[in-house]
Amino acid sequence: MNLLWLTDLHFCSEEKVAGVDTKACLEAALRHINQHYADADLCILSGDMVDKGQAGDYQELRSRLDTLPMPWYPLTGNHDDRSLFREFLPVPDNAMDTHIQYVLPTPEYDIICLDTLQEGSSQGEICELRMAWLIQQIEAAGDKPIYLFMHHPPMTLDLPMQDLDSFKDREIFLRTIAGYPKIKTIFAGHVHRAVCGQVAGIAYATMKSLSVQAPPPYPAWTWDSFKAADEAPNYGVVSLSGNSVNIQFVEFL
Ligand SMILES: [Fe+2]
């Protein structure tokens with residue numbers, strides 16, 4: 001299966017975000033996808049779908065994403081508004097009622113999409129309710145490998161600014177999922193930079209934003225001095241086959 005992975009669109013129809021035209025970035029990505037990866041099986045968007053959580057932006061974003069030639073599955077990020085998200089974006093029928101977590105099952109493996117949004121905070125979390133649901137889905141997967149998609153990475157990444165208090169109770173989360181070796185890879189957004197590694201025995205990858213890039217950690221910067229890095233955005237082309245995973249980062253601008 002070939003899966004497209006987009007993250008941190010920060011779509012804003014009327015103004016730039018940190019000096020970046022996020023609408024133009026999305027349009028360029030959609031053109032590139034339609035030209036080169038129209039045969040991908042599905043597309044997962046790992047949160048921060050819009051920048052300001054406004055109804056008009058969700059509506060406009062929906063009409064643009066509906067031009068994707070494959071089914072697409074959005075996740076919540078800290079810039080999202082859960083109720084507007086549900087109103088305007090497609091949410092699979094098997095999602096939780098309370099949170100936008102769902103499973104994309106295949107005969108070979110299950111993809112589990114998590115909702116790490118903590119209302120009113122930029123920090124992510126998986127509360128007890130969401131964790132109980134996750135454990136249920138992991139158990140239900142039987143012997144199949146599992147791939148997790150989530151907005152907030154539940155590990156530190158040696159990115160001093162992004163690592164600051166970015167995921168509530170990350171140790172508890174990691175300790176819990178470490179007990180399930182069938183979880184093969186965590187795909188996360190939020191940090192607007194590409195980092196890959198391994199934590200609790202599980203491979204992980206983060207990716208650049210589809211629009212606004214965070215600078216590298218050095219020279220050191222703070223949120224007060226933040227300026228978007230002058231780096232090209234990308235999306236991910238992920239090939240999944242049983243236990244094997246390849247991720248290519250594709251620049252489109
Ligand atoms: Fe973001």
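Which residues of helix α2 (residues 55-65) are buried?

**Figure 1. Overall view of the predicted model.**
The protein contains six helices and eleven strands. Its radius of gyration is 17 Å, close to the 18 Å that the globule rule gives for 253 residues, so the protein is as compact as a globular protein of that length. Along the principal axes, the C-alpha atoms fill a box of roughly 45 × 40 × 35 Å. Buried residues make up 41% of the 253 residues. Of the contacts between residues at least 6 apart in sequence, 69% join residues at least 24 apart.

**Figure 2. Helix α2 and its buried residues.**
Asp 57, Tyr 58, Leu 61 and Leu 65 are the buried residues of α2, which spans residues 55-65. They lie on the same side of α2, because they cover an arc of only 100° around the axis. The elements that cover these buried residues include β3 (72-74) and α3.

**Figure 3. Strand β1 and its two pairings, with β10 and with β2.**
Strand β1, residues 2-6, is mostly covered, with four of its five residues buried. With β10, β1 pairs in the antiparallel sense over four bridges; in this pairing Trp 5 has Gly 236 as its bridge partner. With strand β2 (residues 42-45), β1 pairs in the parallel sense, again over four bridges. Here the bridge partner of Leu 3 is Leu 42.

**Figure 4. The largest nonpolar core.**
This core has 61 residues. Trp 5, Leu 6, Cys 113, Leu 148 and Phe 149 are the residues with the most contacts inside the core. Strand β6 (residues 146-150) supplies the largest share of the core, five residues. In soluble globular proteins, nonpolar side chains tend to be buried together. Not counting residues up to four places away in sequence, Phe 149 touches Ile 44, Ser 46, Leu 75, Ile 111, Cys 113, Leu 114 and Phe 187.

**Figure 5. Ser 239 in strand β10.**
Strand β10 runs over residues 234-241 and includes Ser 239. With neighbours within four places in sequence left aside, Ser 239 is in contact with Asn 2 and Asn 246. Phe 252 is 13 residues from Ser 239 in sequence, and the two C-alpha atoms are 19 Å apart in space.

**Figure 6. His 99 in the loop between α3 and β4.**
The loop that holds His 99 lies between α3 (82-88) and β4 (102-105). His 99 counts as partly exposed, because it has 18 C-beta neighbours inside 10 Å. Leaving aside neighbours within four places in sequence, His 99 has contacts with Asp 115 and Arg 130. Leu 114 is 15 residues from His 99 along the chain, and their C-alpha atoms are separated by 8.6 Å.

**Figure 7. Backbone geometry at Ala 18, Ala 200 and Pro 219.**
Most residues other than glycine have a negative phi, and most peptide bonds are trans. Ala 18 is not a glycine, yet its phi is positive, at about 50°. Its place is in the loop between β1 and α1. Ala 18 counts as partly exposed, because 17 C-beta neighbours lie inside 10 Å. Ala 200 also has a positive phi of about 50° without being a glycine, and lies in the loop between β8 (196-199) and β9. With 18 C-beta neighbours inside 10 Å, Ala 200 counts as partly exposed. From Tyr 218 to Pro 219 the peptide bond is cis, with omega near 0°. Pro 219 is in the loop between β9 (202-206) and β10.

Definitions and conventions. Residues numbered from 1 in each chain as written. Predicted model: local features only at pLDDT ≥ 70, side-chain atom pairs only at ≥ 80, totals over all residues. Contact = placed C-beta atoms within 7 Å. Buried ≥ 20, exposed ≤ 12 C-beta atoms within 10 Å, placed from the backbone. Pairing = 2+ DSSP bridges. Core = buried A, V, L, I, M, F, W, Y, C linked by C-beta atoms within 7 Å. Arc of directions from axis to C-beta. Rg over C-alpha atoms; globule rule 2.2 N^0.38 Å.
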